Every structure is written in structure tokens, then in C-alpha cells.
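Here's a walk through a protein model, starting with one chain and ending where two chains meet. Have the viewer open as you read.

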Number of protein chains: 2
Amino acid sequence: MTLDKYEDVNVQIPPQPQPAIVLVRPQMGENIGAAARVMANFGLHDLRLVAPRDGWPNPKAQTMSAGAIKDTGPVRVYPNVGKAIADCSLGFAVTARLRDMEKDVYGPVEGCAELKAHTQNGSQVALLFGAESSGLNNEDVSLCDGIISYPVDKFFSSLNLAQAVAVIAYEWQVSLDREQNQQTLPSKIASKKAQIGLFEHLEEALENARFFYPPEKNPVMRQNIRNALIKARLTEQEVRTFRGIVRALAKGRGQQS
Amino acid sequence: MTLDKYEDVNVQIPPQPQPAIVLVRPQMGENIGAAARVMANFGLHDLRLVAPRDGWPNPKAQTMSAGAIKDTGPVRVYPNVGKAIADCSLGFAVTARLRDMEKDVYGPVEGCAELKAHTQNGSQVALLFGAESSGLNNEDVSLCDGIISYPVDKFFSSLNLAQAVAVIAYEWQVSLDREQNQQTLPSKIASKKAQIGLFEHLEEALENARFFYPPEKNPVMRQNIRNALIKARLTEQEVRTFRGIVRALAKGRGQQS
């Protein structure tokens, strides 16, 4: 291994835009470290952790990373998924379990191709992986634009977390190596921060309008609305337009027009 | 996990001929177990060990395999590479380090395609992986018909053994799926009638809220909103939800709430 050279690589601006790998509530440091190692094997360096169970830094993660994690860097830690992908325009949930949600489902090849098209457009994209025990919950997935699922054996489908990262890191690298086919660039999607801003704005207006009824259905209704809107892959301009729409529709409420 | 069913799968004759995964002088039981687990994830069950350092069976391997290794089976142990691949017609060495040997070098995609073509011909084929510390030696490689090499970062090229197995197991499965070329059905999109109903409902509400200003921009603004919403490919249910949203937000307008 050539760790010194690896450090040099980290300092440089990566030659290709690359996806953030987001581990959501990871439990075992060993898996975080193994994920970091295989990411580095395939040229990925943007590792983000959401609420790691054992805190951060984690000595076991560093040991298993074989040098890919130096001290705390370049790993970043966030309290929740929304903050972890705030700068991302597109996020795919990597999960074996398919949800009863309106999300596009991709294989790794197609999913990476889709993400790559957006990175070429200058967008930051993210791949989200759930915890070892429980995976991603529906709230996590509702912030994602699609699901990447692996062709696993239906009788033995539970992939180790670091192995799941290995497959996607490999496939990402392969997708880069594949011949550049001439595609029209997709339009640039608004950041998750902007998307979440719109969701929260709309939800607040709906709250005031007593839309969420009965109250126990509130979380499901919010998720359904987010899932529907996120499919639109709104641009920054479109997010502004929709916030204007919400403002315009809601402003008469409770006062003489 | 559904271990009982997994055992059933083992008892049956595999539906597709599959390569033997041969770990040559593996050191850590954890890596053997992780390799067995990810093999099972992707439908591979023929694991062979050549002179494992810590003997066999290995409790750490069984723990890490998450049920893929039961007692000693289905793993087979051999004293040397020649005996391990005696029944095979074709063997590829999986290694990052290229040798000064007259061997064909493949990427994972091409290597798996080549092996698959031979299994379809009734041949048993093998994929060989070296020890964690030292990899395959030249004597091992000399028994192989070709080399599979991964597109790793040249500055951080040392893959964990189980991760190397993960990539090939995944790629093998993908190569099988590629033939079948099956696609998941997209979710059913609302009729244009329903979509237009939503657009007009929203536009009328926005008209009442004096959102379209200045008037000469009205057609362009409507189009932009329609273009944004149409990207969501809303289902019938989602169209109903959004009409409910428009109704809820607009209903306070012009009257005491």
C-alpha cells in the first residue's frame, strides 16, 4: 500500500465529481472502516455518517480502513439525513427492501449511470445506506429520489453494510470507465436543503389550514406529499416558484382578502 | 433472514452452473465468513479453501458468514491449488498485481462473461483469490487461464479479500441478469385528464390569489408550473392529494377563517 500517495490524492480536487456515501446510523466501527477502505479502492472519498451509534472518531473504524480514514478526516458526521444531504440534489437509497412508495427502482448499473449523468452536470449526489440491523426507515427513503436494489438471492438477501458499499463503489468506478455515451445533460436539480425548505414551508401552510387530519395520519401524509413532489426533481427556480405558490395560496387565510 | 429456505437452496441442484470461489491460503476466519456470506447473497455456493492458515472449521468464519456456512459444509478444503481446481476446465486469478506472464487480463465484466460462456458449455470454472498478506504467487497464477483485475485506485489498490469476492460475486450475478434483461414495471401514472384537472384547479386558485403578475407573463408562468409538476409523473392518488392541498390552502381566501 502507498498511504503517502493516498494522502496526496485527498488533498487534490478529485478529477471526477463523485457521490457522497452516506451511512445512516451505522453501528459497527468495523463496517465504517471497511466501507471507507473499499471506497478509497475505487476512488471515492466523500464519506458521511449520520448519527453513528458509537460516536466519532471510532478506533475500530480507523483500523479496518487500512489507512483510508486518517484521524477523523475526511469523514463528516451529521445529526440527521436531511443535514447530511443538504448540499445534494439527488439521493438514492441503497436497500434490498422495496417500499410501498412511489420511487423509481434501479439496478446498480442503471442507478450509477443516472447519478453520473447528474454529477456531470455539476450536481452533488448521494448514496444512502441504512444501519446493519434495521436499514433505512421510510422517513430516510422519503428524502430520496430513487432506490437502488441489488440482484441478491431472495433466500439470503441480507448484505453486510461494507459489502453493499463495495458493490456500489465498484460499479461507480466501472460506470466511469465505460465509454462516454453522448447524452443530453439532465437539468440541474435543486439542493436537498432547498427541497426540504419547500417541503417544510408547504407542510407549515397545510398545518395552518388543518389539512393533516386525523392527526395520527400526519407523518404518512407528509411522506406521501414529499414522495410525490420529490419525483419532480425540481430545479432551484422551480422550488422558488412553488414556494411562491404556497405563499400566494396561503396568504389570504384568516384575514379579509 | 430465511435460513431454512437457504438450506433448501443448498440441497437443490443450483439452477445455473456457477464458478467455484477458491480462497488460497486465507488467513482470517472473518474474511472467509464474509466471503461466504456475500457469495450466498449473490447466489454462489461453491466455496473452496486451499490450506487455510487457522485450519477448518473456523468459528470466526461461521459467525461472520451469518448462516452461509453451516458447520463445515458446503466449504471444501484442499492442500494445494492444483487439487482445489482439479475438476475445473478454466480458472481465472483475481488479482490487482499484474504479472510478467503471458496471461489474458480481463476486467470483471469481461472475465465473468468469458467464464459464463464456458459454464453454459457444461464446464466447471473457478475464480482464485490470494491470501490477505501476499496474494497469489506465481505458481498459483501459472495454473490459471487468465487474470481478472479490478479498476482500483492506483494509490490505494489493496482490496480486502472479502470485498474482492463481493465484487466478483455481484458481477457474476449481474452477468446472469443481463441475459434475462428483466425490468421492473414503472408505477402507473395518472391520466392526462387527471393531470390537467389538477393543473387547472391550481391555476384557478392562483388566479384568485393574483399570483400571475404581470398578466403578460401569465402563459409562461403556467407552462413553467405545468412543466415542473408533470416531471413528477404523479399517480391518480397523488393527483387527488395535490387537489386536496390546493383546496385546503385556498379555502380561507376572501373569508374569515
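Chain A exposes about 11100 Å², an accessible area from the Shrake-Rupley method with a 1.4 Å probe, and carbon and sulfur atoms supply 50% of that surface. The model is predicted, so to speak for local features pLDDT must be at least 70 and for side-chain atom pairs 80 or more, while totals for chains, interfaces and linings use all residues. Residues are numbered from 1 along each chain as its sequence is written, chains are lettered from A in the order written, and side-chain values use heavy atoms, without hydrogens or water.

Inside, 59% of the 257 residues of chain A count as buried (under 20% relative accessible area, 1.4 Å probe, protein chains only). The chain has 10 helices and 7 strands, taken as DSSP runs: H or I of at least four residues, E of at least two.

Now for the partner. Chain A puts 70 residues into the contact and chain B 72, with contact meaning heavy atoms within 4.5 Å. Between them about 5700 Å² is buried, 62% of it from carbon and sulfur atoms; this is the accessible area (1.4 Å probe) lost on being put together, summed over both.

What salt bridges turn up across the interface of chain A and chain B? The rule finds 2 (a Lys or Arg side-chain nitrogen within 4 Å of an Asp or Glu carboxyl oxygen). A:K231 pairs with B:E238 in a salt bridge, their closest N and O atoms 2.7 Å apart. On chain A's side, the elements giving two or more residues include α1 (3-11), α7 (161-177) and α10 (236-250), and α7(A) gives the largest share, 9 residues.

Key
Buried area is the accessible area (1.4 Å probe) that two parts lose on being put together, summed over both. Buried means under 20% relative accessible area, exposed over 50%, partly exposed in between (1.4 Å probe, protein chains only).
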